[in-house]
Amino acid sequence: MKFLASITPAIALIWSFSSADLQIYRHNYSKVVTDKILCAKLISDLEKEKNNSAVYLGYLGAYQTIWANHVFSPLEKLNTFKKGKKNIEQAIRIQPKNAELRFIRFSVQKNAPAFLGYRSNLKEDEEFIRKNRDEIGSEIISKHIDALIKD
């Protein structure tokens, strides 16, 4: 029993750091579209991140798809976008009922050029987000959703 009492605060401390890091990725989500340096830094941070959660993978994928806007070479743009798309889809396979991940995919698909062919889940994700919006505890993400989905 003493062991449990001694590790519980440690777990709570780790959780709070993890949650704080996640807030950074949420907060900067809309900023990286125009800030190449910030986008590169957050991708680097996420790639180094030891947290293997689906949400972190989803943000890594989202930032990678956004990074495609910042590179010059058409081949690098396509490869970077595909890598991000793969990470987003993997995250959703891990947690298909996660509304934040569905928001990430929806926002990427809504803003992706049609010729990339990554728009097949728009209606499904918008509907899912509308139905499960109460599950999103982040005020930042709620504001992003408000901006993206007009009632």
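What share of the 151 residues of the protein counts as buried? In this predicted model, the share is 42%, with buried meaning under 20% relative accessible area, exposed over 50% and partly exposed in between (1.4 Å probe, protein chains only). Residues are numbered from 1 along each chain as its sequence is written. Local features need pLDDT of at least 70 and side-chain atom pairs pLDDT 80 or more, while totals for chains, interfaces and linings use all residues; side-chain values use heavy atoms, without hydrogens and water.

The protein has 7 helices and 0 strands. Helices (H or I, at least four residues) and strands (E, at least two) are DSSP runs, numbered from the N terminus.

The largest nonpolar core has 40 residues. Such a core is a set of buried Ala, Val, Leu, Ile, Met, Phe, Trp, Tyr and Cys residues joined through side-chain atoms within 4.5 Å. Tyr 29, Tyr 59, Tyr 63, Phe 103 and Ile 104 have the most contacts inside this core. At least two of its residues come from each of α1 (2–27), α2 (36–48), α3, α4, α5, α6 and α7. The most come from α3, with 9 residues.

Aromatic pairs number 7 in the whole structure. Rings of Phe, Tyr and Trp (its six-membered ring) pair if their centres lie within 6.5 Å; planes under 30 degrees apart count as stacked, over 60 as edge-to-face and the rest as tilted. Phe 81 and Tyr 118 form an edge-to-face pair, because their ring centres are 6.0 Å apart and their planes stand at 80°. This pair links distant parts of the chain, 37 residues apart. Phe 81 belongs to helix α4 (residues 74–94), and Tyr 118 to the loop between α5 (99–111) and α6 (122–132). Phe 81 is buried at 7% relative accessible area, as is Tyr 118 at 3%. Ring pairs also join Tyr 25, Tyr 29, Tyr 56, Tyr 59, Tyr 63 and Phe 103 into a cluster.

The largest pocket has a volume of about 480 Å³. On a 1 Å grid over the protein atoms alone, a pocket is an open set of points where a 1.4 Å probe fits, with protein on both sides within 12 Å along at least five of seven lines; lining residues have an atom within 4 Å of a point. The lining of the largest pocket has 22 residues, with Ile 66, Asn 69, Val 108, Asn 111 and Ala 112 nearest its centre. Two or more lining residues come from each of α3 (54–67), α4, α5 and α7 (139–148).

Note on methods
Grid points are joined across faces, edges and corners, and a volume is the space filled by probe spheres set on the points.
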